[in-house]
Amino acid sequence: MQPLGVHASIAGGLHMAALGAAELGCTAVQLFSRSPRSWDLRKAGKNDAALFKAARKDAGIKAVSVHTSYLINLSSPDDRLFGRSVELFKTELDAGAALEADFLVTHLGSHLGMGEAFALERIRQALSSMADDFPAGRLTLLFENSAGGGNTFGRRMEELGMVIETARALGMNAGLCLDTCHAFAAGYPMRRAGDIKALANEIKNKAGRESLGLIHLNDSKAACGSNTDRHEHLGKGAIGLDGLHAFFDNALFSGLPVILETPKKTVDDDRRNLSIAREILKQRPLPQK
Ligand SMILES: [Zn+2]
Ligand SMILES: [Zn+2]
């Protein structure tokens with residue numbers, strides 16, 4: 001089965017994410033490298049990175065994704081905020097390399113009404129300023145599709161394709177992280193096989209066939225095209241179990257690492273969503289309640 005995991009907590013240290021994922025039987029994990037709502041520019045300590053790598057190895061985790069801070073806005077028209085975003089992004093790249101992560105996932109931010117051409121140019125500036133420091137090794141920078149609310153950039157595959165191309169032209173390993181909830185909210189229907197085929201073709205034609213690196217698997221509380229980013233438990237949302245089954249029936253999506261970012265009040269929420277995801281990935285019908 002393809003690597004499967006959750007976004008795990010780093011309370012108590014970065015290695016706690018690997019331990020928490022292991023306890024849930026995960027073969028993939030996503031974590032923040034710092035509090036996602038702080039401008040903390042500290043690098044991951046050598047010891048923290050060593051503990052994480054050891055815990056990952058012990059747990060047999062195959063895929064590690066670091067998610068960048070929510071404060072980063074690489075499309076920001078505000079020069080000061082843009083500058084701080086680039087600085088913080090560089091420390092995220094460092095952290096991804098120090099943890100020997102497979103992926104660094106980032107959102108493309110919001111242009112706050114300045115338009116898509118402006119956002120693309122801002123992102124090109126940001127990427128150019130960090131291209132020389134891009135870590136060698138396995139790390140791939142993945143740009144995540146957005147739900148499309150609040151002038152966010154990256155809701156359409158052509159936008160993501162242009163950014164991926166820009167990063168690659170600068171010599172960076174780059175690709176796409178597809179969030180199912182965001183795609184649905186951005187207006188890509190996902191209820192049946194035909195919808196999924198259309199989405200897969202859109203990705204192949206506009207973002208590149210081999211660009212897709214990681215799936216964020218989430219159901220959506222909000223309707224298709226609502227541009228509203230509200231994650232829901234698998235099978236309980238507007239995509240639904242049929243849509244999620246159809247999604248993994250498509251060859252483009254059936255071999256990639258999968259991370260759940262479903263709502264959680266307690267660890268039991270993760271357990272429940274993981275068991276549904278495992279059934280879907282095995283393509284077995286779910287047990288009838
Ligand atoms: Zn996501
Ligand atoms: Zn989201």
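## Terms and model

Axes are lines fitted to C-alpha atoms, for helices over the stretch in contact, and angles between N-to-C directions run from 0 to 180 degrees. Helices (H or I, at least four residues) and strands (E, at least two) are DSSP runs, numbered from the N terminus.

The model is predicted: local features need pLDDT of at least 70 and side-chain atom pairs count only at pLDDT 80 or more, while totals for chains, interfaces and linings use all residues. Residues are numbered from 1 along each chain as its sequence is written, and chains are lettered from A and ligands numbered from 1 in the order in which they are written.

## Overall fold

The chain has 9 helices and 10 strands. Its C-alpha trace spans about 55 × 45 × 30 Å along the principal axes. The radius of gyration is taken over C-alpha atoms, and the globule rule is 2.2 Å times the number of residues to the power 0.38. For 289 residues a compact globule would have a radius of gyration near 19 Å, and the 18 Å of the chain agrees with this.

A residue is buried if 20 or more other C-beta atoms lie within 10 Å of its own, exposed if 12 or fewer, and partly exposed in between, with C-beta atoms placed from the backbone. Buried residues make up 47% of the 289 residues in the chain. Two residues are in contact if their C-beta atoms, placed from the backbone, lie within 7 Å. Of the contacts in the chain with a separation of 6 or more, 75% are accounted for by residues 24 or more positions apart.

## Helix 4 and helix 5

Two packed helices are described by the angle between their axes and the distance between the axes. The axes of helix 4 (residues 116-131) and helix 5 (residues 157-169) come within 10 Å and cross at roughly 25°. Angles under 35 degrees count as roughly parallel, over 145 as roughly antiparallel, 65 to 115 as roughly perpendicular and the rest as oblique. Helix 4 and helix 5 are therefore roughly parallel to each other.

A crossing is left-handed if the near helix is turned anticlockwise from the far one by less than a right angle, and right-handed if clockwise. The crossing of helix 4 and helix 5 is right-handed. On the helix 4 side the contact is made by E116, L120, I123, R124 and L127, and on the helix 5 side by E159, M162, V163, T166 and A167. Ala, Val, Leu, Ile, Met, Phe, Trp, Tyr, Cys and Pro count as nonpolar, Asp, Glu, Lys and Arg as charged, and the others, Gly among them, as polar. By these classes, the contact of helix 4 with helix 5 has 6 nonpolar, 1 polar and 3 charged residues.

## Helix 5 and helix 7

Helix 5 also packs on helix 7, at an angle of about 35° and with the axes 7 Å apart. This crossing is right-handed. M157, E158, L160, G161 and I164 of helix 5 meet E202, I203, K206, A207 and G208 of helix 7. The contact of helix 5 with helix 7 divides into 5 nonpolar, 2 polar and 3 charged residues.

## Helix 1 and helix 2

The axes of helix 1 and helix 2 come within 7 Å and cross at roughly 15°, which makes the two helices roughly parallel. Helix 1 passes helix 2 in a left-handed crossing. Here H15, A18, L19, A21 and A22 of helix 1 are in contact with L51, F52, A55, R56 and A59 of helix 2. These residues comprise 8 nonpolar, 1 polar and 1 charged.

The buried residues of helix 1 (residues 15-23) are H15, A17, A18, G20 and A21. Their cover includes strand 1 (4-7), strand 2 (28-32) and helix 2 (46-59). A59 lies in helix 2 and is partly exposed, with 19 other C-beta atoms within 10 Å. Helix 1 is followed by G25, whose phi is positive, near 75°. A59 and G25 are 34 residues apart in sequence and 8.5 Å apart in space, C-alpha to C-alpha.

## Loop residues

L112, in the loop between strand 4 (103-106) and helix 4, has a positive phi of about 55° although it is not a glycine. N227, in the loop between strand 8 (219-220) and strand 9 (231-232), is a residue other than glycine with a positive phi, near 60°. L112 is partly exposed, with 17 other C-beta atoms within 10 Å. N227 counts as partly exposed, with 17 C-beta neighbours inside 10 Å.

E210 is found in the loop between helix 7 (193-208) and strand 7 (212-217). E210 is exposed, with 9 other C-beta atoms within 10 Å.
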